[in-house]
Amino acid sequence: MAGFGKNELAARRGYSYRLTRRQFLIASSAAALAACGPAAVAPTASGSPSASPGKTLKIGQLLPFTGVYAELGNSMRRATELYLKLNDNKLANRPVQLIYEDDANVTATGIQKTQKFIDQDQVDVMMGVVPTPLAYGIRNAVHAAKMSASFSSYQISYPIGDYLSAKGTKDFFLAYANYGFGTESAADFTTGIKKNGGSVTGNVAPPLGNADFAPFVTQIKNQPTKNVYSFFSGADAIGFIKTWNQLGLTAAGYKLYGAGFLTEQDVLKEVKDLANGIVTSLFWAVELDNAENKKFVADYQKQYPLLPDVFAVQQYDGMRALDEALKKLGGDTSDKDKFSKALEDVSFKSPRGDFAFDKTTHNPIQDIYIREVKTQGGQTVNTISDKVAKVTDPGK
Amino acid sequence: MSSELLFQQALNGLSFGALLFILAAGLSLVFGMMDVVNLAHGAFYMLGAYVALSVVQLTGSFWVAMLAAPLALGLLGLILEPLLLRRLRGRHLDQVLLTIGVSLIVVDQIGVVWGREVRSLAAPAGLDGSVALFGGDYPAYRLFVIGLGIALAAVVTLVYRRTALGMHIRAGVEDAQMLGALASWPRRCSAFSRAWTSTRSSIPWSSSWSAASARSAGRWWAASSSVRPTPSARCCSRSSLSR
């Protein structure tokens, strides 16, 4: 207690490190959950503090609504609101108040908005956090014990590498967005194909949010390896697929593979049949044949004039996980350790199949589907051609 | 690097360069001629792309859009110049504030009207194919962009050097006050050139460069031009015009 603690200094300057210390992050790269305990609200007198049933649960949603991943944010927002609508706007016994902030895919903005959630809005739980660098960035403000309702790069890119090379397609050229998740995906894919004697012959790595893909696609066209594995998402995926077709790569015998985001609904509704024949891997697809998914897709389409995409599923599952954890605690979020334990133990049937968190990595354990884009009855969708069961992240 | 690859990459560079030229030409004119720091330029460019998108959806014609979008944006320029910018002549910092504000409003309104998802326009019939060049195929639309950039540069040079209007613009760049004393030109001239530059910034590029990349280009502009607002950039644009 001697001398100045960081908090005392902060208090003198009018900052509130004390608050942030109690915050608690259960979140990571794409679509995740975070729980924060506002010190100003939680520590009431003895007994059962903030568990009082019916007290409003404030959820801060940090999502990209502008920039290269804007459509992801919109999609996740739709899924959040759908889940609440189907559950009388309540999680466990608590009515929910949503507060949205736009991180614009800029780390500094995201950190600033996180601080706003904590200091000004005093949220109970924080969700969202799409871009990888931002997840790293806010770990200081929101205490670290992340819980991801989405995926790791390994879970998407390693299985398809393993799968394709085992089937005899061994040599690949890589094209990926040059930032954390893109680079990781490329590395995981490489590990996958090397396992069966495959190799990577070269790569191009345009920056995230690239304006013109022609120089990169030209480079691909001027090298001999016909199979190309890619990681692009959102606006980048649209630009890449369009340029791929403009420069006639499919006609020249090149074949495109990718992490599933390359051909999610946000992309397909713009590129349509240009995407036909692209093979990708992901833990979900609209076409997935199970009761939960059919209900989810139907509910979503009743509410919105479009098909759900994978980001909607993640967010929907994130809300469900939060809901289940809260139910177990009777709505009490005051004990952060208990809350995180409850989240860890959650399991339920999700549109993607059985959903549970891996206790060590806090990523979901999930099946990965190999999907091919086809246009059927006027709609361009991902059809499921195969499945790699129960993929867990090895927690590298 | 093979000569074929070199050639194709040179074309890629030229076509993207032509796009940036057309975007920048309007900005440098409004800067050099009117002495206005217009940080809303990118937002107008983006608005033009979205207007073009709507016109294409309505009429189905890329060429009608190519005509309508610049006209619509020119009209907006004609309204905004006397309404807002004329009051701030010579006050660069205030112009920066004002035009950043305008760009925020424009960008947000676009989000409200057209939504925030990525949109794109298909190239018009005839330009949506590829042309065989030196053994490799190259998209016709990108060649068209290069051609348009060159044509626009030629027309601007011609107007600027060889016409009475160009003479007045050059005179205005040299000494707007003296020109004002001699005639009532600058005011009309500025409104005209303001409209003209907004017009130019909105030629619908969009096809392969989607409305979304217009969006990012707009933001890129706001960012890069706000880093170095006045003196040096202004000198550059002046000298490049009055060379």
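Biologist: What share of the 243 residues in chain B is buried?
Modeller: Buried residues are 40% of chain B; a residue is buried if 20 or more other C-beta atoms, placed from the backbone, lie within 10 Å of its own. This is a predicted model, in which local features need pLDDT of at least 70 and side-chain atom pairs count only at pLDDT 80 or more, while totals for chains, interfaces and linings use all residues. Residues are numbered from 1 along each chain as its sequence is written, and chains are lettered from A and ligands numbered from 1 in the order in which they are written.

Biologist: How many helices and strands does chain B have?
Modeller: Chain B has 10 helices and 2 strands, taken as DSSP runs numbered from the N terminus (helices H or I, at least four residues; strands E, at least two). From the N terminus, the order is α-α-α-α-β-β-α-α-α-α-α-α.

Biologist: How many residues does the contact take from chain A and from chain B?
Modeller: Chain A gives 21 residues and chain B gives 20 residues, where contact is C-beta atoms, placed from the backbone, within 7 Å.

Biologist: Which element gives the most to the side of chain A that touches chain B?
Modeller: That is α9(A), with 5 residues. By class, the side of chain A that touches chain B has 8 nonpolar, 8 polar and 5 charged residues. Nonpolar covers Ala, Val, Leu, Ile, Met, Phe, Trp, Tyr, Cys and Pro, charged covers Asp, Glu, Lys and Arg, and the others, Gly among them, are polar.

Biologist: And α8(A), at what angle do that helix and α1 of chain B pack?
Modeller: Helix α8 (residues 214–221) of chain A and helix α1 (residues 3–34) of chain B pack at about 165 degrees, with axes 9 Å apart. Axes are lines fitted to C-alpha atoms over the stretch in contact, and angles run from 0 to 180 degrees between N-to-C directions. The angle makes α8(A) roughly antiparallel to α1(B), a term for angles over 145 degrees.

Biologist: Which residues meet there?
Modeller: Ala214(A), Pro215(A) and Thr218(A) meet Leu5(B), Gln8(B), Gln9(B) and Asn12(B). The residues of this contact of α8(A) with α1(B) are 3 nonpolar, 4 polar and no charged.

Biologist: Changing topic, which domains does the assignment give for chain A?
Modeller: Domain 1 is 6–151 + 292–357 and domain 2 is 153–282 + 366–391, with bounds from an automatic or database domain assignment. Their contact takes 17 residues from domain 1 and 18 residues from domain 2.

Biologist: Which element has the largest share of the domain 1 side?
Modeller: On the side of domain 1 that touches domain 2, the largest share is from α3(A), with 3 residues.

Terms used. Parallel < 35°, antiparallel > 145°, perpendicular 65-115°, else oblique. Contact = placed C-beta atoms within 7 Å. Buried ≥ 20, exposed ≤ 12 C-beta atoms within 10 Å, placed from the backbone.
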